[in-house]
Amino acid sequence: MTSTLRIQHRTDVHYDGPVNQSFDEVRMTPLYSDSQLIRSTAITITPQPWHFSYVDYWGTQVTSFELHHPHDRLTVNADTTLDIVKLPHVDSGMKLPEVRAGHERWYEYVVNSPVTTPGEDLSERVHEVIDDSMTICQIGHAISEMIHEEVNYVPGSTRVDTTAQQAWQARSGVCQDIAHLVIGSLRTLGIPARYVSGYMMPRTEAALGEPVEGQTHAWVQWWDGRWNGFDPTNMVETGESHARVGTGREYNDVAPFKGVFSGPGVTTTYEAAVIIRKLA
């Protein structure tokens with residue numbers, strides 16, 4: 001199956017006073033890949049800054065920019081039209097001993113960080129829901145289902161710096177936290193897993209051209225001979241409704257917006273909106 005989406009992502013940054021300089025970078029441009037054909041893409045920034053683009057270590061397109069004059073507001077608009085092809089999700093049949101034998105290739109996606117470490121309690125739960133007969137895909141689905149059932153999706157219940165352990169203890173979080181929990185759990189078993197940042201079309205039944213309020217989204221990929229994508233927040237395989245922007249070890253590697261500034265303004269307010277239209 002194939003879909004054509006237009007994704008418009010607007011971010012407004014308000015400062016409580018004029019700032020003299022700001023240095024920022026955004027990761028809002030979907031990847032060109034075997035499942036994504038980029039028809040057009042553009043990022044516009046107001047006030048107009050000095051800027052350049054590059055592909056970072058993780059393979060994500062980055063737009064970096066600087067402003068060196070007083071400003072109290074910053075607006076970033078990312079506008080992309082792309083075709084998304086749903087590739088078949090095939091269980092390779094690989095099991096834990098086989099995937100563990102290839103750690104050298106994916107070492108960075110096997111080692112947990114303070115953000116993704118699941119903690120002793122969750123690690124014990126993971127071993128309760130799996131067994132040696134299961135394939136990597138079956139393990140990934142079982143862990144995702146367990147976390148989906150245990151952790152409530154509660155917008156605003158966590159922050160961008162919330163760790164997997166904190167989200168597990170609270171039993172609440174957002175897609176970022178659920179992805180971190182699944183990733184950390186898979187890594188404790190020796191399964192390479194990575195964080196995916198992108199966009200999701202929430203209403204697949206929307207009429208062509210109808211503007212739908214979308215969202216930035218996060219899901220996971222695990223390695224079983226190839227990278228398989230799964231959305232544990234919604235318990236679905238990724239497909240034509242998921243537009244991938246970047247992959248990394250955790251949220252910080254692919255955060256949509258990062259920045260620092262100097263000047264009298266000390267407080268910032270971020271407002272973001274995503275509008276998605278299905279064109280075909």
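This is a predicted model: local features need pLDDT of at least 70, side-chain atom pairs count only at pLDDT 80 or more; totals for chains, interfaces and linings use all residues.
**Entry 1: two hairpins**

I started at a turn: β11 and β12 form a hairpin with three residues between them, and glycine 225 in that turn has a positive phi of about 105°.

**Entry 2: pairing around β12**

I looked up the bridges next. β11 and β12 pair in the antiparallel sense over four bridges; valine 220 has phenylalanine 230 of β12 as its bridge partner. On to the other neighbour: β12, residues 227-231, pairs with β13 over two bridges, also in the antiparallel sense. There I found aspartate 231 opposite valine 236 in β13.

**Entry 3: the whole sheet**

I zoomed out to the sheet that holds these strands. The sheet is open, has five strands with antiparallel pairing, and runs in the order β13-β12-β11-β9-β14. Which strands stand at the edges? They are β13 (236-237) and β14 (242-248), and each has a single partner strand, so one side of each is left without a neighbour in the sheet.

Then I checked what packs on the sheet. Helix α3, residues 136-150, touches β11 (215-223), β12 and β13, and its direction makes about 140° with that of β11. Helix α5, residues 175-188, packs on the sheet too, touching β9 (193-200) and β11; its direction makes about 10° with that of β11.

**Entry 4: is β12 buried or exposed?**

I wanted to know how many residues of β12 are buried. The count is five of its five, so I put the strand down as mostly covered. I also looked at each face: Trp227, Gly229 and Asp231 are buried on one side, and Asn228 and Phe230 are buried on the other.

**Entry 5: the largest pocket**

The largest pocket holds about 880 Å³ and is lined by 32 residues. Nearest its centre I found Val160, Thr216, Tyr251, Pro256 and Ala272. The elements giving two or more residues to this lining are β1 (2-19), α5, β9, β11, β15 (257-262) and β16 (268-278). β16 gives the most, with five residues. By class, I noted 15 nonpolar, twelve polar and five charged residues in the lining.

**Entry 6: the second largest pocket**

Two or more lining residues come from each of β6 (71-85), β11, β12 and β14. Which element gives the most to this lining? It is β12, with three residues. The lining divides into six nonpolar, nine polar and five charged residues.

**Entry 7**

Last, I searched the whole structure for cavities of 30 Å³ or more, and one turned up. The largest cavity holds about 30 Å³ of space. Its lining is made of His9, Arg27, Ser197, Gly198, Tyr199, Thr216, Val245 and Pro256. The largest share, three residues, comes from β9. I sorted the lining into three nonpolar, four polar and one charged.

Terms used: Residues are numbered from 1 along each chain as its sequence is written. Side-chain values use heavy atoms; hydrogens and water are left out. Two strands pair if DSSP finds at least two bridges between them. Contact means heavy atoms within 4.5 Å. Axes are lines fitted to C-alpha atoms, for helices over the stretch in contact, and angles run from 0 to 180 degrees between N-to-C directions. On a 1 Å grid over the protein atoms alone, a cavity is a set of points where a 1.4 Å probe fits but cannot get out, and a pocket is an open set with protein on both sides within 12 Å along at least five of seven lines; lining residues have an atom within 4 Å of a point. Grid points are joined across faces, edges and corners, and a volume is the space filled by probe spheres set on the points. Ala, Val, Leu, Ile, Met, Phe, Trp, Tyr, Cys and Pro count as nonpolar, Asp, Glu, Lys and Arg as charged, and the others, Gly among them, as polar. Buried means under 20% relative accessible area, exposed over 50%, partly exposed in between (1.4 Å probe, protein chains only).
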